[in-house]
Amino acid sequence: MQVLNANWEDSIGILNGIEDLTDETRASALFLVLQQCLLECLSRGDDSSALAILRKRVSPLKVGREKVHNLAAGMLSLKEMGMGKIDDSSICELRRKSLVELEKLLPPPITLPERRLEHLVETAITAQMDSCIYHNSFREISLYEDHYCGRDQIPTQTVQILTEHKHEVWFIQFSHNGEYLASSSRDCAAIIWKVLENGVLILRHMLQSHQNPVSFVAWSPDDTMLLTCGNGEVLKLWDVETGTCKHTFGDHGFIVSSCAWFPDSKRIVCGSSDPEKGIYMWDCDGNEIKAWKGMRMPKVSDLAVTPDGENLISIFSDKEIRILNVGTNAEHVISEDYSITSLSVSRDSKFLIVNLNSEEIHMWDVAGKWEKPLKYTGHKQNKYVIRSCFGGFHCTFIASGSENSLVYIWNRGNSTPLEVLSGHLMTVNCVSWNPRRHQMLASASDDHTIRIWGPSQPRNITTT
């Protein structure tokens, strides 16, 4: 405050009275104060005072001759140019800049680091969110009261049951914009569902072209196209608006296990359980761009591309997670002790989760810095392919199907389930959390149904 009020003598006295300050730091701080004082003297035409400050106070400071010389030369230059009076607002701004420089120079606790209060507030808010196990909203958090989200912030109740599939439903996935849901089934069909404004889903297109059960679907990042994988069959590309098949990739000898898109919505990759086929990258017209294959190539059971497009993640030989940086070709491998049945990546491209047939879900960092994964338990999985997903605000939650007909939800910070949802009659194969509607979750089951889950409310279940 002394600097802002131009109390130069008091400022100098305070700096000289600070203990445990090195001579070099003290001299540099005094130089900053005297430099501002000298400038203001010149501004109001008090040349004699400016000269006295330079000779008697600045020159003796051990800040280096060059620094003092440059200040003197600058003062002379301003004098020769006929420096006029600086207006009050400019003077105040210069004082504030001098104070900022002093804050950078003087160590805590003499001065607070830049933006320290803002940092403390952000830390306090983050701590409140992290401690709130149900946090799942964009609602602003205030420090005037303790933050708490209730159970009603996450999907725990069935709000709609979709019954159009005629056999086991193996896979579901919401579009990136949250406006559609795609499902695939053992009935050899895939369905595109439209999410209406009121949250109700209606059938938009029935996709019937595969000869075998449809095991996997993948939305293009721009949500205009959908890929479907036939079980032990070809890969098909569909137009979302019209529901027509645009292209069929590979041939009947190409056994597709999974597929994924690159962020430009122009390139796709697919993996095969046949080691001789490996992994292919195609454009949307079926032109091969790149291939990873050969006798030494292990079978690929699942794969994903991180949303930022930097990494291709593959599950090799059931127990290996291989993360390939597409730009640099750098690769690192994570080995698991048990068979991996599925893979999912967070929206921020930082984390991945895998389901293991040891009844555990493991979360790893994509960068490969963790030595051990975070583990989630409680669900049942021994012999079937069970899929999990990230979900909620900032991907705070993990959801998974289970062989005991239940849906499990964990907060990422806790290994035990936060919620267990009942309703399905048979194995729950797959779950998908709406990326835009953070309180909407879908689950697919061997009972031929898809359940849509929402926040707890008076029961009014819609069957479609």
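Is strand 14 (residues 300-305) largely enclosed by the rest of the structure or exposed, and how many of its six residues are buried? In this predicted model, local features need pLDDT of at least 70 and side-chain atom pairs count only at pLDDT 80 or more, while totals for chains, interfaces and linings use all residues. Residues are numbered from 1 along each chain as its sequence is written, and side-chain values use heavy atoms, with hydrogens and water left out.

Five of the six residues of strand 14 are buried, so this strand is largely enclosed by the rest of the structure; buried here means under 20% relative accessible area, exposed means over 50%, and partly exposed lies in between (1.4 Å probe, protein chains only). Strand 14 is joined by five bridges to strand 15 (residues 311-316), and the two run antiparallel; strands are taken to pair if DSSP finds at least two bridges between them. Within this pairing, Val-300 has Phe-316 in strand 15 as its bridge partner. The two strands form a hairpin with five residues between them, and Gly-309 in the turn has a positive phi of about 80°. Most residues other than glycine have a negative phi. Ser-317, although not a glycine, has a positive phi of about 50°; this residue is placed in the loop between strand 15 and strand 16 (320-325) and, at 41% relative accessibility, counts as partly exposed. Cys-188, likewise not a glycine, has a positive phi of about 75°, lies in the loop between strand 3 (180-185) and strand 4, and is partly exposed with a relative accessible area of 22%.

Over the chain, six helices and 29 strands are found, where helices (H or I, at least four residues) and strands (E, at least two) are DSSP runs numbered from the N terminus. Of the 464 residues, 50% count as buried. Four strands form an open antiparallel sheet in the order 10-11-12-13. Strand 10 (256-261) and strand 13 (288-292) stand at its edges with a single partner strand each, so one side of each is left without a neighbour in the sheet. Strand 12 (residues 279-283) is joined to strand 13 by four bridges, and Ile-279 stands opposite Trp-292 in strand 13.

Helix 2 (residues 23-43) and helix 5 (residues 88-105) pack at an angle of about 175° with their axes 10 Å apart, the axes being lines fitted to C-alpha atoms over the stretch in contact, and angles running from 0 to 180 degrees between N-to-C directions. The two helices are therefore roughly antiparallel to each other, a term applied to angles over 145 degrees. Residues of helix 2 including Leu-32, Val-33 and Leu-39 meet residues of helix 5 including Ile-91, Leu-94 and Leu-102, contact meaning heavy atoms within 4.5 Å.

The largest nonpolar core has 42 residues, of which Leu-181, Leu-227, Leu-235 and Ile-450 touch the most other members; such a core is a set of buried Ala, Val, Leu, Ile, Met, Phe, Trp, Tyr and Cys residues joined through side-chain atoms within 4.5 Å. Strand 4 (residues 190-195) gives the most to this core, with five residues. Apart from this core lies another, of 26 residues, among them Leu-15, Ile-18, Val-33 and Leu-54.

Technical notes:
Angles under 35 degrees count as roughly parallel, over 145 as roughly antiparallel, 65 to 115 as roughly perpendicular and the rest as oblique.
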